[in-house]
Amino acid sequence: MTTILDPSPVFRPDMTGCDPNFRNFEVCSTNSPESNSHTDQVRNTYQLMHTHQTVDFVRRKMEHWCKLDHAQMTMLECLEELNNLVDESDPDVDVPNIYHAFQTAESVREKHPDKDWLQLTGLIHDAGKIMAIWGEPQWCVVGDTFPTGCQPAESVVFRHSSFQDNPDMKDPKLNTKLGMYEENCGLDNVLMSWGHDEYMYRVLKGNNTKLPEEALYVIRFHSFYPWHGSGDYDYLCNNKDREMLAWVKEFNKFDLYSKADELPDIDTLKPYYQGLIDKYLPGKLRW
């Protein structure tokens with residue numbers, strides 16, 4: 001079984017209504033008495049991410065992955081591949097990622113029984129992590145995302161200690177608040193750091209999904225915590241982004257905090273979710 005470090009379920013800026021023990025980055029500081037090999041891994045993951053995720057890097061990754069020529073498989077086949085992925089940094093769950101997929105979907109289903117598209121979004125939101133199984137390093141698959149091509153906002157984790165060696169931060173065209181963007185340009189025109197969010201969004205768009213626009217926003221920006229968790233980067237948003245923000249926030253209630261001690265019976269649930277897949281994402285998909 002392949003294990004990957006996914007810092008995103010554990011360490012993020014505190015959010016109202018969430019257990020403050022989650023996402024506590026202070027324990028990852030080098031001088032913290034709680035620092036250990038695990039927190040060192042988290043810090044190193046973000047150090048690599050914030051050093052290497054540049055405008056040029058993201059464009060090259062998009063060129064490589066957005067051709068969707070790496071595999072052809074159904075959505076359920078992709079989810080079953082995630083049986084080979086365990087998020088090592090999650091203290092609450094030490095089971096394959098597919099269980100988190102079904103847990104999230106079932107949590108959404110309980111609260112929104114009439115919104116089957118949101119249930120399916122819960123099921124597939126992390127499917128882009130398949131890139132890790134296919135050999136991508138962890139720092140460009142998992143973790144919180146952020147806009148490249150401009151100065152990182154205050155809420156970006158390790159913002160003051162991890163960008164020193166990022167070449168873009170030495171470019172006066174890219175290291176200001178707006179950088180290469182215009183105010184209120186819209187997130188669709190922003191080059192986000194590369195990860196499973198953007199890849200899954202591109203897979204859905206490239207395969208002509210029947211999922212609504214709200215689902216695509218959730219998929220694309222659910223790891224953009226500086227935006228939907230801390231309220232930063234509004235100056236890059238347009239009215240459409242602000243309208244969709246409510247759905248991203250609603251989804252976040254079920255993502256990462258839906259884990260339960262009792263694991264879902266995947267075999268029992270599969271027929272229901274196969275029906276949703278057939279409705280919105282039928283057949284073989286290009287990955």
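These legends describe close-up views of a predicted model.

The model is predicted, and local features need pLDDT of at least 70, side-chain atom pairs count only at pLDDT 80 or more, and totals for chains, interfaces and linings use all residues. Residues are numbered from 1 along each chain as its sequence is written, and side-chain values use heavy atoms, with hydrogens and water left out.

**View 1. The protein chain as a whole.** The protein chain has 11 helices and four strands; these are DSSP runs numbered from the N terminus, H or I of at least four residues for helices and E of at least two for strands. Of its 287 residues, 56% count as buried, where buried means under 20% relative accessible area, exposed over 50% and partly exposed in between (1.4 Å probe, protein chains only). Among contacts in the protein chain with a separation of 6 or more, 77% are between residues 24 or more positions apart; contact means heavy atoms within 4.5 Å.

**View 2. The crossing of helices α4 and α11.** Two packed helices are described by the angle between their axes and the distance between the axes. For α4 (residues 97-111) and α11 (residues 266-280), the axes come within 12 Å and cross at roughly 60°. Axes are lines fitted to C-alpha atoms, for helices over the stretch in contact, with angles from 0 to 180 degrees between N-to-C directions. The two helices are therefore oblique to each other: angles under 35 degrees count as roughly parallel, over 145 as roughly antiparallel, 65 to 115 as roughly perpendicular and the rest as oblique. On the α4 side, the contact is made by I98, Y99, F102, A105, E106 and R109, and on the α11 side by I266, L269, K270, Y272 and Y273. These residues divide into eight nonpolar, no polar and three charged. Ala, Val, Leu, Ile, Met, Phe, Trp, Tyr, Cys and Pro count as nonpolar, Asp, Glu, Lys and Arg as charged, and the others, Gly among them, as polar.

**View 3. The packing of helices α7 and α8.** The axes of α7 (residues 196-206) and α8 come within 6 Å and cross at roughly 150°, and the helices are therefore roughly antiparallel to each other. From α7, residues D197, E198, M200, Y201, R202, L204 and K205 meet L216, I219, R220 and F221 of α8. By class, this contact has six nonpolar, no polar and five charged residues.

**View 4. M62 and its contacts.** M62 lies in helix α2 (residues 55-65) and is buried, with a relative accessible area of 18%. Leaving aside neighbours within four places in sequence, M62 is in contact with K67, L191, W194, E198 and R202. M62 and E198 are 136 residues apart in sequence, yet 8.9 Å apart in space, C-alpha to C-alpha.

View 5. The structure holds 15 aromatic pairs; rings of Phe, Tyr and Trp (its six-membered ring) pair if their centres lie within 6.5 Å, and planes under 30 degrees apart count as stacked, over 60 as edge-to-face and the rest as tilted. The ring centres of Y217 and F221 are 5.6 Å apart and the planes are at 50°, so this pair is tilted. Y217 and F221 are four residues apart in helix α8 (residues 213-221) and so are separated by about one helical turn. Y217 is buried at a relative accessible area of 10%, and F221 is buried at 2%. F221 also forms a tilted pair with F224, 6.3 Å centre to centre and with 45° between the planes. Both F221 and F224 are buried. Ring pairs link Y217, F221, F224, W227, Y233 and Y235 into a cluster.
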